[in-house]
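Dear colleague,

Please find below the structure that I am handing over to you. The findings follow after it, arranged by topic.

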Amino acid sequence: MMPSQKLAFSERLRLLLRSGERYAKTDLLYLTKNASWLTIGQVSISVLALLTSIAFAHFIPKDVYGSYRYLLSIFWTLTTFSLTGIPVALARAIAKGENGAYKESIRLSLVWSWPMVLISLGLAVYYFAQGNMLLFAGALIIAVVGPLMQPSFLYNSILEGNRAFRATAITGIVLNLVPTLALIATMFVSTNPLSFLVVYIAANAGTAAALSWFVWRYYRVPAQRPAESLFTLGAHFSLMNILAGVAGQIDRLLVFHYLGAVELAIYSFAVSLPDQIKSMSNNVSTIAFPKFANRPFKEIQETLLHRMGGFTILMAAIAGAYILIAPLAFRILFPAYMDAVFYSQLYALALIPLASIFPATALQAHAANKELYIFNIVSSVFQIGILFPAIAYYGLLGAVIARIIGRTLTLATGVFLVNTYAKRASS
C-alpha cells in the first residue's frame, strides 16, 4: 500500500470514528433527556396499574375478575379489526411536518370502525343464542362504546411526532389515573364484570377525548390537506396489526375457554408484573421512532445490533432480579394469588427477547411494508399456532412457555428482516 493510500485510509478511519462518536453522544444526550420524562410517566402508570391489581386481588372474587379479563380480551381483540394502523401513520406524518393529518385521522378512525361494530354485533347474536347473557351484554357494550376508543387516543401521535415527551408523560399519567380511580370506586358498589367493562372503556375514551381537545388547542393543529399516503399507510399497518392483535390476546381467550374464569384470573396476575416491566420498554420505541424516521436506514442498521445487545443484557438482569423477588412481592401485594408465583417467575424469561422492538420500530419508521407484513404474519401465526396445543395439553404452564418461545422467534425474525430491507433499500 502506498503512503498516500495509508494516509487516506487513516483519515477515513479517523473521520468514521469521530462520526460514530458524535452520533453516540447525540443519541446518549437525546435518550437521557427524553427517557427521563417517559420513565417518570411509565413508572407512574405502572404504579397506578399495580394499585388497580391490588384492589382487584383484595376486593373482587377470582371468578368475577377472570370474567372481566375475558371481556377485556374480547374488546382488545375486536379493536384489531378497526383502523389500528392510523396512530403509527399519523405519528410518522407529524414527524415529517404534516400536522394537517390529525383531523383526517380522526375521521378515518371513526369511519373504519364498522368492521369492529359488525363483528361485535355478530358475537352478541351468537352468545344470545347460546344463552350466555353476560357475554351477550358485553359484546353489545363493545359494539356501542368501543369505536370511540381509538379516535380519542390519536392526540398521542401528535405528541410523539413532535417529540413532546414531557407532555406524553404527563398526559399518560392523567389518562391512567382517571380510569384507575373509576375502577376502584366501582368495586365498592358492584362486583358485576359488565360494570367494570363499561367503566374501563368509558373512563379511558372520555379522558383521552378531553386530552385530545387540549393537545389540539395547544398545537393549533392546522386543517390543511394531509399527505395522500396517510390512509394507504394506515391501512397497511392495520392489516399487519390484525394477526398481531389476535396473537396478543389469544392466550387469555384460550385459558378462559379451556380452563375457566378462575384460571384466567391466576394467569392474569402471573403475567401482570412482568408485563408492566415490558410496557416500560415501550419508551425506547417511542423515543426512537422520530429519530429513525429521519435517518437513513443503512445508518440505523449499522448500530442496531449493538443497541439490541445492550438492551438484551439489561432485560436479562431485570428478569433475574424479578425471579428472586417475585415470591415476596406476591406475598405482600397479591396474597390470594400465591399459586401464580411460579408461572410469573417463568414468564419473566419472556422479557429477555424484547429487543425485537428495535427492528420493528425501524421498519415502521421507514414504512417497510413488505418486511412488516412478513414480520407480523410469521411471528403472529407461530404464536397463535403454538398457543392452541400448549394450553389445551399443558394448561397455564403451556401458555407461559409458548409466550417465551414466540417472543424469541419474533426477535430473530426482526433481525433477519432489518438486514433484508437494508439490502433492498440500498440496491
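**Salt bridges**

Across the whole structure, a search finds six salt bridges, a salt bridge being a side-chain nitrogen of Lys or Arg within 4 Å of a carboxyl oxygen of Asp or Glu. Please note that this is a predicted model, in which local features need pLDDT of at least 70 and side-chain atom pairs count only at pLDDT 80 or more, while totals for chains, interfaces and linings use all residues. Residues are numbered from 1 along each chain as its sequence is written, and side-chain values use heavy atoms, with hydrogens and water left out.

One of the salt bridges joins R107 and E104, whose closest N and O atoms are 2.7 Å apart. The two residues are three apart in helix 4 (residues 101–111), so about one helical turn separates them; helices are DSSP runs of H or I with at least four residues, numbered from the N terminus. R107 is partly exposed at 43% relative accessibility, and E104 is partly exposed at 24%. Here, buried means under 20% relative accessible area, exposed over 50%, and partly exposed in between, with a 1.4 Å probe and protein chains only.

Another salt bridge links R252 with D251, at 3.6 Å between the closest N and O atoms. R252 counts as buried at 10% relative accessibility, and D251 is buried at 2%. R252 also forms a salt bridge with D275, again with the closest N and O atoms 3.6 Å apart. D275 belongs to helix 12 (residues 261–293) and R252 to helix 11 (residues 229–259), so this pair ties together parts that are 23 residues apart in sequence. Through shared partners, salt bridges join D251, R252, D275, R403 and R407 into one network.

**Aromatic rings**

The whole structure contains 19 aromatic pairs. Rings of Phe, Tyr and Trp (its six-membered ring) pair if their centres lie within 6.5 Å; planes under 30 degrees apart count as stacked, over 60 as edge-to-face and the rest as tilted. Y68 and F196 form an edge-to-face pair, with 5.8 Å from centre to centre and 65° between the planes. This pair links distant parts of the chain, as Y68 lies in helix 2 and F196 in helix 10, 128 residues apart. Y68 is buried at 3% relative accessibility, and F196 is buried at 0%. Both belong to one aromatic cluster, which is formed by F56, Y65, Y68, F196, F269, F330, F334 and Y337.

K62 lies over the face of Y337, at 4.9 Å from the ring centre; the criterion is NZ of Lys or CZ of Arg within 6 Å of the ring centre and within 35 degrees of the ring normal.

How far apart are the end C-alpha atoms of helix 6? They are 18 Å apart, which agrees with the 18 Å that its 13 residues (133–145) should span, the expected span being 1.5 Å times one less than the number of residues. Its buried residues are L135, G138, A139, I141, I142 and A143. The buried residues of helix 6 pack against helix 2 (62–79), helix 5 (114–130) and helix 10 (193–219).

Helix 15 (residues 357–365) is mostly covered, with eight of its nine residues buried. After helix 15 comes A367, whose phi is positive, near 50°.

Yours sincerely

Conventions. Contact means heavy atoms within 4.5 Å.
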